[in-house]
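Me: Hi! Could you walk me through this structure in plain words? I'd like to start with how much of a side chain's surroundings is open, then see what pairs up with what.

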Amino acid sequence: MVARHVRDVEAGGSSPPSPTISHIVCTMHNLLPHRIAIVLSLIVVGILAGLWLTLQLRSPKSNRVSSPELSLASLETTQVELTEDQTQLKEQLATLHRDIEQTQRELKTIRANREKVETLERYRDQLGLTEVSGAGVVITLANGTTGDDATVFASDLRDVVNTLWEGGAEAISINGERVVWQTAIDALATTTLINGTKTTVPYVVTAIGNNRRLDTVLKGNPALQDLRRRQTQQGLVFDVRRVPKATAPAFTGSLTVQSAKTVEDVL
Amino acid sequence: MTTRLPRLGDLVLFVAALGVGVLAVAQLRASQHVVSTIESGGATTLALEVGELTRTNAKLRTEITELDAERERLRASLADTKSAADALNTSLEKYEVLLGLRAVHGPGVRMVIEQQLDSTQLLDLINALKSVGVDAMAIADDRVSARTAISGTTFTPPLTITVLGDPLLRDALIRKGGILEQLGVNAQVSEEADLTIPARSSE
């Protein structure tokens, strides 16, 4: 920088032809602030000009609102409120199921009703409206560490559940959500909806049934080969444990019949 | 004071500064775009979640109303044998429909799949239909129940699936980006005013 300034001073022709070192230093001292000012001005003006030009060139017209503003904060609040509502609604449903069971037990004491109530109790078990405990398997599924394939997808859960039914499972639950006739297992971004309730990894699948048979079918089913491959290659967690006792909780969602009528009604 | 022409060094400096200004705006705009894209994605996911929660909660409320009525019927029947039988029969009928023990009829959708399906596609299709809302379903006249497992590797066409349930089932199947398009499955889908679905053939 000093050498360049010396060359600038020489080119300016304002210094004497044979300057002494002390003279050069003196001249530099006088001209340095002036030169710095010019350089700084060029930089500032250049940057400002660049900013202005870009803003002018790339903003030919003002932005307009093209769709109604979707407030993220408002959505988050709604999501939290609806989740709380859902918890309360499920509690109400659980209470109603308990009340109905109690009333049916009372009806059972009347001899004429006994057979019907016993049938109802059997149906409630089959529908998943009661808690089931017994021997079974507990499967843990969790994401691995490498690559997109290391994620546990909703389709993996569907494959595991289907395999468990194939193995003769009596009852299945995933993260406390009982799998029943109308249960859908769907992906929602990085989470999963089971019975319309959001859940996420790790997924703990509990299946009640003959644990040896369930274990065998989980090991041998070709539909789970891809899951096994990702377990080996991507570090995905797919752990199956046989247990002497596990519990699948009662279903607490809705089991509705919307429009179907029994055929006997029209005959 | 003398007027001097700008030197090459000064020009280069000015152009470089100009470039810095241009890049600064470009960078700012790019980061704003990324932020808005991320926020928009988050909002979409949240909106979907809110939609699902709203739908599920509405179903839960319907179920609460129905169970409340069932509880009242049963309580009222404690003192009356005749009404007890009626109340128990109503509950039995609902459970038998859900378990697939009774043949049912009503407005529904018939789907004839005209290509070979593998078991995972069929599993996804059944799941998607359940997600919309089904009362009863049969595959090749075989009633589907909770414990129905889809086994085997492929299903050969034509494969007929009949479904009773949500009025939106047909639209959900055939709309652009709907269930069939997502699965890449060709099927004839028809809405029927009165479709009958048989009971399960065995326990």
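**Charged pairs and nonpolar cores**

Reply: Glu192(B) is partly exposed, with a relative accessible area of 23%. Here, buried means under 20% relative accessible area, exposed over 50%, and partly exposed in between (1.4 Å probe, protein chains only). This is a predicted model: local features need pLDDT of at least 70 and side-chain atom pairs count only at pLDDT 80 or more, while totals for chains, interfaces and linings use all residues. Residues are numbered from 1 along each chain as its sequence is written, chains are lettered from A and ligands numbered from 1 in the order in which they are written, and side-chain values use heavy atoms, with hydrogens and water left out.

Me: Why would charged side chains pair at all?

Reply: Side chains of opposite charge can pair when their charged atoms come close.

Me: Which pair crosses between chains?

Reply: Glu49(B) and Lys198(A) form one, with their closest N and O atoms 3.1 Å apart. The pair runs from helix 1 (residues 8-76) of chain B to strand 6 (residues 197-199) of chain A. Glu49(B) counts as buried because its relative accessibility is 7%, while Lys198(A), at 39%, is partly exposed.

Me: How many salt bridges are there over all chains?

Reply: The count comes to 23. Some are linked in a network made up of Asp99(A), Asp68(B), Arg71(B), Glu72(B) and Arg75(B).

Me: New topic! How many residues are in the largest nonpolar core?

Reply: It has 55, and Met111(B), Leu122(B), Leu125(B), Leu129(B) and Ile161(B) have the most contacts inside it. A nonpolar core is a set of buried Ala, Val, Leu, Ile, Met, Phe, Trp, Tyr and Cys residues joined through side-chain atoms within 4.5 Å. A second, separate core of 25 residues includes Ile139(A), Ala207(A), Leu224(A) and Phe238(A).

Methods: A salt bridge is a side-chain nitrogen of Lys or Arg within 4 Å of a carboxyl oxygen of Asp or Glu. Helices (H or I, at least four residues) and strands (E, at least two) are DSSP runs, numbered from the N terminus.
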